[in-house]
Protein chains: 2
Amino acid sequence: MRKRATAREVADAAGVSKWTVIRAFTPGASIAEESKRKVLEAAAALNYTPNLLARSLATNSTHQVAVFVDDFANPQKLPFLETLTERLQAEGMVALLININTHFDHVHALLHADQRQVDAVILFGTAFRSETLSDLQLGRGTPPMFVLARDSQIEGVPAVTCDAELALREIVDHLFERGYRRPGFMTGATVLSTALRRRQHFVDFWKEKGVDDVSVFSAEKYSAEAGAEAARNYLKQTEPADRVDVLMCENDILALGAMDEIHGRFGLRVPHDIAVVGFDNYELCGSSAYSLTTYEQPRDEMVQIIIGMITGRLEPETVTLPGTLIVRKST
Amino acid sequence: MRKRATAREVADAAGVSKWTVIRAFTPGASIAEESKRKVLEAAAALNYTPNLLARSLATNSTHQVAVFVDDFANPQKLPFLETLTERLQAEGMVALLININTHFDHVHALLHADQRQVDAVILFGTAFRSETLSDLQLGRGTPPMFVLARDSQIEGVPAVTCDAELALREIVDHLFERGYRRPGFMTGATVLSTALRRRQHFVDFWKEKGVDDVSVFSAEKYSAEAGAEAARNYLKQTEPADRVDVLMCENDILALGAMDEIHGRFGLRVPHDIAVVGFDNYELCGSSAYSLTTYEQPRDEMVQIIIGMITGRLEPETVTLPGTLIVRKST
DNA sequence: CACCCGCTTGCACCCGGTAGCAAACAGAAA
DNA sequence: TTTCTGTTTGCTACCGGGTGCAAGCGGGTG
């Protein structure tokens, strides 16, 4: 197994010093046309490319960005990851996909990312407590952190999110206009629900409309199955007369699970008996099987902005962007 | 912004040499209990952890594995990525998620991964031509490559897949037993369809049963929308009497799109008018809205094995594993 | 022809670790 | 006390490049 060629070897082959080789691979470096040509020829012959590891060590910049994800049940993560990796790669960076779970928590992950000298950390939809941060004295020297698609709970850590207040206002306005008056809200894991703020805005806006009673209940986690289970429990425990006439779910995947239970198992009609609203506009929401009313986040723009902040083109600051209400047959 | 502490600084603080510091962080190294304690104390005070970048440069092993993905439309990628990242992290490695697309093709990606000195490359569901490989003279010195969830088209590059032959045999047996006699098959992008071998086996096994005529048509890409479109075109162009009585789709996401068209738009009954079969057992297949018959790949085992081969515990060789037929109401 | 200036090139040193050798040290055996 | 052996420690060399300085080189100018 032949090893990679080094600048030193190319230098010998081209009859120059290794520094000249390095200059040939450094855009804007001071080097004569003639030597550059010689070097590039020798490099091509030896199949040489600079070792990014060594470069990173010397320049103190790896062009690697750690992306923390703790919820793989939401299929909406995938198009986000697609956009994110594509835009990062367009900037000459790559994503380190880090799975946050019980065996590998935020603290481990942050330590690890730090040891790998990543240029930035993106908390993609994951919540992280500032207390934990200060406990570790990681405040300084830590790679810059950014929160994507969730509110930041940490002072000084900017977040790029969809404007939850605006989104929920549009949704509640729409539901009110459609005549619904007995709203319900299904959250995912309780701990995180505050981070999304969606529930609070939902409740508040209904109150503005004079509707004080919003049924709130929670699914075990963010998955279709959990959404179905939560809906089942609710329907079992609640008399038909007492039931909500519209159920908003914290995200699409919960909503799809809930719809499935409402319509498929309980035989209720959506939206006649119970209307359903989701959040994210996952691809299958548009299918005729579901036709779920939902709210689309401005994915491309969010990613664009967070990458702008990472590369330094944009000032790091919390940004909230307006999304789009997608009205379908479920309301 | 304080920089990370180095071994040198810890050494000064502890009153030893930097090599002693390093030994304190090297399991099994020869170091006195007393000095180890002193070093660890000083390290804790300075918040020191070894720089993995520098270590990688010296040891020639980064503990990073590049994962190539070129199809983010299939939600089934997500649980695979979850398992993959979790298992990699349990082994002290991390995944570099690399998006293969028209702007960043396999050649770029491989070059990039090579420059980053990754320990291995996993082609996760992506096809790569061996000609391209040899064109680049990357044969030697390239990081070891493995194909996950697709057949390997490259000599010497092992693949870990679900046994397509067995899977299709079980599926065709099941369909035959249920009485279907006019099968159809929907592929995704034509170029790749051979890589999955599913279509060929499907056709072959029907031939064994005496059914020579299998309608084959293709979706533009692997997405629900493309599946719906392909189904729509087929249904438009085919007289009801000539239509297939069962449609197998190359994967679930195509099947869900197709079902949606068949049932939702055309008002045909599944499975009475046309039965549908998918492949992967994506979470929503089990929903009562779809209840799609499909085939589940042994995800955990596949990931376990590919990681075994990467870490060297297992001999690198192509492995095909049996999956599980999941019969639901769509057949 | 001397001088000055700008482009090129080589060099020492640095990034933060690792590997392997050799010296220093300690305790046990002679 | 000396010798031997095993542990502990420091050192040189190295992984593959990057940085800033200074010397080399060439041509234009006075």
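**View 1. Helix 6 of chain A and its ends.** Helix 6 (residues 106-115) of chain A is mostly covered, with seven of its ten residues buried (under 20% relative accessible area, 1.4 Å probe, protein chains only). Look for A:His106, A:Ala109, A:Leu110, A:His112, A:Ala113, A:Asp114 and A:Gln115, the buried residues of this helix. At its start, a side-chain oxygen of A:Asp105 comes to within 3.1 Å of the backbone nitrogen of A:Val107. Just after the helix, A:Gln117 has a positive phi of about 60 degrees.

This is a predicted model, in which local features need pLDDT of at least 70 and side-chain atom pairs count only at pLDDT 80 or more, while totals for chains, interfaces and linings use all residues. Residues are numbered from 1 along each chain as its sequence is written, and side-chain values use heavy atoms, leaving out hydrogens and water.

**View 2. Helix 8 and helix 10 of chain A.** Here helix 8 (residues 164-177) and helix 10 (residues 198-208) of chain A pack at an angle of about 45 degrees, their axes 9 Å apart. The crossing of these two helices is right-handed. Residues of the contact include A:Leu168 and A:Val172 of helix 8 and A:Phe202 and A:Trp206 of helix 10 (contact means heavy atoms within 4.5 Å). By type, the residues of this contact are eight nonpolar, one polar and four charged.

**View 3. The surroundings of A:Asn251.** A:Asn251 sits in the loop between strand 8 (246-249) and helix 12 (252-265) of chain A. With 4% relative accessibility, A:Asn251 counts as buried. A polar atom of its side chain lies 3.1 Å from the backbone nitrogen of A:Ile253. Leaving aside neighbours within four places in sequence, A:Asn251 is in contact with A:Asn74, A:Arg198, A:Tyr222, A:Gly278, A:Phe279 and A:Asp280.

Terms used:
Chains are lettered from A and ligands numbered from 1 in the order in which they are written. Axes are lines fitted to C-alpha atoms, for helices over the stretch in contact, and angles run from 0 to 180 degrees between N-to-C directions. Helices (H or I, at least four residues) and strands (E, at least two) are DSSP runs, numbered from the N terminus. A crossing is left-handed if the near helix is turned anticlockwise from the far one by less than a right angle, and right-handed if clockwise. Ala, Val, Leu, Ile, Met, Phe, Trp, Tyr, Cys and Pro count as nonpolar, Asp, Glu, Lys and Arg as charged, and the others, Gly among them, as polar. Buried means under 20% relative accessible area, exposed over 50%, partly exposed in between (1.4 Å probe, protein chains only). A polar contact is a pair of N or O atoms within 3.5 Å; within protein, one must be able to donate a hydrogen and the other to accept it, and residues adjacent in sequence count only if both atoms are side-chain atoms.
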